[in-house]
Amino acid sequence: MIFGVVLAGGIGSRMGNVDKPKQYLLIGDKPILIHTLEKFFIESEFEKVLVLCPKEWVAHTRNLIVKYLGDTERVVVLAGGETRNETIMNSIDYIEENYGLSEDTIIVTHDSVRPFVTQRIIKENIQYAKEFGACDTAVAATDTIVCSEDGKLISDIPKRQKMYQGQTPQTFQALKLKNLYYSLTDEEKNLLTDAAKIFVMKGEKVHIVEGEVFNIKITYPYDLRVAEALLKGGE
């Protein structure tokens, strides 16, 4: 079975003085979250699409789904965890409890604030996860990447040809992800930035899915203006 997992647990602190998490802000006439969900909702390979959000926003999220997508059973809203990876584990726990886990269980995890993901990217994530067990969406870096150990002085400038900028979706065999995550020490868990790093830390291969430069993550107020322009361009 294949499940979409939309991660909507952020509070949007970098968006500035707003009264709601950024995934609930509007672009066009719909919340960002709904734009993203629509891309997952139409993918026929998904058994269910799971949305994980802050506990206090669960009821609001369910109401939005009914308003924009109808009273559908294909979308399930769950409370997220304290961290990104704990939130993903919550989704796996739900799947295991309701459907069981096997080596064929795949989860396609995606940031709720990346509403311009394409069906091509989603389908290739599913394809590569079936083949390789794990994959991550990324685009080749166009700028030179500068490293700094202290935030003041440059410590390294790696070859740009080796650098990629990570996006989402990130897609995994759910059972393998769960086993790898719970094999980590607390110290290792503190080093995590995303789920793909769990595989890398354990020496497992993660295949790259080619992303798109417009598959942006809406983080800052400027990103909202870019998203509005992309939306109008698409229309």
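Is Asn125 buried or exposed? Asn125 is buried, with a relative accessible area of 0%; buried denotes under 20% relative accessible area and exposed over 50%, with partly exposed in between (1.4 Å probe, protein chains only). The model is predicted: local features need pLDDT of at least 70, side-chain atom pairs count only at pLDDT 80 or more, and totals for chains, interfaces and linings use all residues. Residues are numbered from 1 along each chain as its sequence is written, and side-chain values use heavy atoms, leaving out hydrogens and water.

**Surroundings of Asn125**
- Asn125 is found in helix H4; helices (H or I, at least four residues) and strands (E, at least two) are DSSP runs, numbered from the N terminus.
- Beyond its neighbours within four places in sequence, Asn125 is in contact (heavy atoms within 4.5 Å) with Cys135, Thr137, Pro169, Gln170, Thr171 and Val209.

**Nonpolar cores**
- A nonpolar core is a set of buried Ala, Val, Leu, Ile, Met, Phe, Trp, Tyr and Cys residues joined through side-chain atoms within 4.5 Å.
- The largest such core has 28 residues, of which Leu37, Phe40, Phe46 and Val51 touch the most other members.
- Helix H4 supplies the largest share of this core, five residues.
- Apart from this core lies another, of 26 residues, including Phe172, Leu184, Leu192 and Phe199.

**Helix H5**
- In helix H5 (residues 174-182), the residues Ala174, Leu177, Lys178, Leu180 and Tyr181 are buried.
- The buried residues of H5 pack against helix H3 (84-99), strand S6 (106-111), strand S8 (164-173), helix H6 (186-189) and helix H7 (196-201).
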